[in-house]
Amino acid sequence: MIELIAPLLRKQSRIGIGLISGTSADGIDAVLVRLTGCGPGTQVETLAFSSDPWPGDLRARILACYDGHVSDVCRLNVDTAASLADAAIRIAESAEMEIGGVDFIASHGQTIWHEPRAEERGAATLQIGDGDIIAERTGCFTISDMRMRDIAAGGEGAPLVSYTDQLLFSEPGRRRVLVNLGGIANLTLVDADKPESLIAFDTGPANSLMDYAAALAQPETGYDRGGELAKSGVINEALLTELLSDSYFDMQPPKSTGRERFGQALFQTIREKHSEISASDLCATFTELSARTLVEAIERFVGEPVHDVIVAGGGAHNPVLMSSIGEKLSRMTSPPVLQTSDDYGIDIDAKEAIAFAVMGNETLHARPGNLPAATGARRAVPLGKISLP
């Protein structure tokens, strides 16, 4: 193994591909990057990025798998891996590069279940899209299944992007909160002057509940394009109060969550209990829930001052959600500057895929890629399993 990886480590820079499908399971984000160095001082140059829907009926099968059978998971593990490998080949070709010119692939895979720690047992998580299949189809070193190593070390396996947030966004004199608005919202506090103060956790739902509500009115898209539904709806205060009573929001970090808590089962319960609420009013209410729980988490668990709030992920494209977040941040004693990762040269949609490419690069250097302060792990460990080409 060492002999095979050594030539990569001798290179001044490495070409890597990061792959991810987030909690929303709406497709594959693929990014081609050039990475120079490792650890503090890592430099990332984005060469190409794409975001493509899962082919055929894969998304429907992935979502159905939450309540499916082991045979479904087994088949999906292979089929999603094949699609991930194809995405890697396409992103290389889009940059006019043969896949053979790629040094490694770091694939997050597709989360189909995430179970945070409970008192009586440790955390569990399952990402499908087998790394061996990706390595075989592409001929590239492939690092996959990154969350499980953190769980083995006593963590929750999430959030992991906080490691990259700290590497790429630390700036002396700026206390920053990095936010990702995917299916679930997560944040990372980055303070270059006090790196030991880092905190990172999932704040609650971002787009997950909104997407289910939008699918009622816009099944062809499955999400609230431009926030139009939320804009036309009215917040249902009774439902909002009910949702805000969830004990998750009061839990102390580190903590993580997913569709097992803020997914289809919860949405179905809401629909059965509140069938009179329209899709647009549901979107308005869920949008308010996402914005409020995010900002309240910043106020409660991060504290002031915060100089910058830097947002990435699909929710950053939703002007209603972003406006609500901005309005709530403006009420803070010293309102932070609300920005997106685009303002720092990192594509809003590519940021998470970039993060896993960075973590894969760290693994190749036998360096840890998790932050115990974020995940609750006992120690920092290299992440993932390496599949040889």
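**View 1. Ala25 in its loop.** In this predicted model, Ala25 sits in the loop that joins β1 (13-21) to β2 (28-36). Ala25 is buried, because its relative accessible area is 0%, and the cut-off for buried is under 20%.

**View 2. Residues in contact with Ala25.** Leaving aside residues up to four places away in sequence, Ala25 touches Trp54, Arg59, Ile62, Leu63 and Gln110. Contact here means heavy atoms within 4.5 Å.

**View 3. Ala25 and Ala380.** These two alanines, Ala25 and Ala380, are 355 residues apart along the chain. Their C-alpha atoms are separated by 28 Å.

View 4. The protein holds 15 helices and twelve strands. Its radius of gyration is 20 Å, close to the 21 Å that the globule rule gives for 389 residues, so the protein is as compact as a globular protein of that length. The C-alpha trace spans about 60 × 50 × 45 Å along the principal axes. Of the contacts with a separation of 6 or more, 70% are between residues 24 or more positions apart.

**View 5. Interior and surface.** Of the 389 residues in the protein, 55% are buried. Ala25 is one of the buried residues. The accessible surface of the protein comes to about 15800 Å². Carbon and sulfur atoms account for 50% of that surface.

**View 6. Charged side chains.** The protein carries 33 positive and 53 negative side chains. The centres of the two sets lie 4 Å apart.

How values were computed: Residues are numbered from 1 along each chain as its sequence is written. This is a predicted model: local features need pLDDT of at least 70, side-chain atom pairs count only at pLDDT 80 or more; totals for chains, interfaces and linings use all residues. Side-chain values use heavy atoms; hydrogens and water are left out. Helices (H or I, at least four residues) and strands (E, at least two) are DSSP runs, numbered from the N terminus. The radius of gyration is taken over C-alpha atoms; the globule rule is 2.2 Å times the number of residues to the power 0.38. Buried means under 20% relative accessible area, exposed over 50%, partly exposed in between (1.4 Å probe, protein chains only). Accessible areas come from the Shrake-Rupley method with a 1.4 Å probe; for residues, only the protein chains shown count as cover. Lys and Arg count as positive and Asp and Glu as negative; His and the chain ends are not counted. The place of a charge is taken as NZ of Lys, CZ of Arg, CG of Asp or CD of Glu.
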